[in-house]
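Hi,

Here's the structure I promised to pass along.

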Amino acid sequence: MSYKRVIIVDLAALGVRSDNESAQHNSDNDTILTHVLNQSSVFALPALHQLGFFNVYFDDNEEVEIKPKATYGTTRTRSIMNKPCSGLREMFDCSLSYRVSTVFEEAAKQTKSIIISKFVSYLFSQEFSDIHQVGTDQEAFDELDSQLDKVDRGLLFMQLPELQEMAESDDFDEFTDELYVVDRYLEKLMDNLNDDDLLMVLSSRVGDNRSKDGLSTYKILPVMMHDNHFEGQHFTNQPYVCEVGATVLNCLGIQDRVISPKHSLFPCDR
């Protein structure tokens, strides 16, 4: 099936570093993410558990009590830079027969394309999209709720500014408190999805302070996809993040309009 709306929540803080493409994601042992994972029994994060986030990093350990109801896994980048736009560009650029376009532009040609974010040059250069600047995570979710009330078809992308800022400051307590708040918003969002909505929760960046802008590091990034019909499924291959954009195009029924990328993370014509 195709979806009327694809809703993307970019946490922009929950990826991990690796020194090379073949390194395993659990090789990092001192990041904000690994602290959260190690303290998962203390911090109640039911939405992220349901989305399969902890199963991704615990390799589907049976001790994870909440069974996922999402398709989930990790993707990797070709870029070795951790700049604010590098992961986004690789995720959402696409090729036409005569030029480079973006998933946001192609979605806007056919339906609505909404971007909710703090200023990020790549996102704010999407002239065909309706762009809404926000300064806090609460403002972002409030704006998303408002847009979901008005927009019945299209792509809605939201990036959370505070969560990634707290991750980069390496303040574990502040970050986990904010992640708890974000999880409550995600739980509400999951409960209110229409039957023809797809929710994608992902991270376009690494959030720890050892991966500052300009530092060479490959990134391994989580992707979780949920609708009202999914049963839990872990894609164990580790595709490139460009397949996130291909999945969006596929699910909106417009992938045939681009030359690449073509391989999405799951078939949407179920």
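Below is what turned up when I went through it.

A bit of housekeeping: this is a predicted model, so to speak of local features we need pLDDT of at least 70, side-chain atom pairs count only at pLDDT 80 or more, and totals for chains, interfaces and linings use all residues. Residues are numbered from 1 along each chain as its sequence is written, and side-chain values use heavy atoms, with hydrogens and water left out.

Salt bridges first (a side-chain nitrogen of Lys or Arg within 4 Å of a carboxyl oxygen of Asp or Glu). The count comes to 10. One of them pairs Arg5 with Asp197, whose closest N and O atoms are 2.8 Å apart. That pair links distant parts of the chain, with Arg5 in strand S1 (residues 5–10) and Asp197 in strand S9 (residues 197–202), 192 residues apart. Helices (H or I, at least four residues) and strands (E, at least two) are DSSP runs, numbered from the N terminus.

Next, the inside. Searching the whole structure gives 1 cavity of 30 Å³ or more. A cavity here is a set of points on a 1 Å grid over the protein atoms alone where a 1.4 Å probe fits but cannot get out, and lining residues have an atom within 4 Å of a point. The largest cavity holds about 40 Å³ of space, and its lining is made of Phe141, Asp145, Tyr185, Lys188 and Leu189. Helices H7 (137–150) and H9 each supply at least two residues of that lining, with the largest share, 3 residues, coming from H9.

The peptide bond from Ser260 to Pro261 is cis, with omega near 0°; Pro261 sits in the segment after helix H10 (242–251). Ala12 is not a glycine, yet has a positive phi of about 55°, and Ala12 is found in the loop between S1 and strand S2 (16–18).

Cheers

Note on methods
On a 1 Å grid over the protein atoms alone, a cavity is a set of points where a 1.4 Å probe fits but cannot get out, and a pocket is an open set with protein on both sides within 12 Å along at least five of seven lines; lining residues have an atom within 4 Å of a point. Grid points are joined across faces, edges and corners, and a volume is the space filled by probe spheres set on the points.
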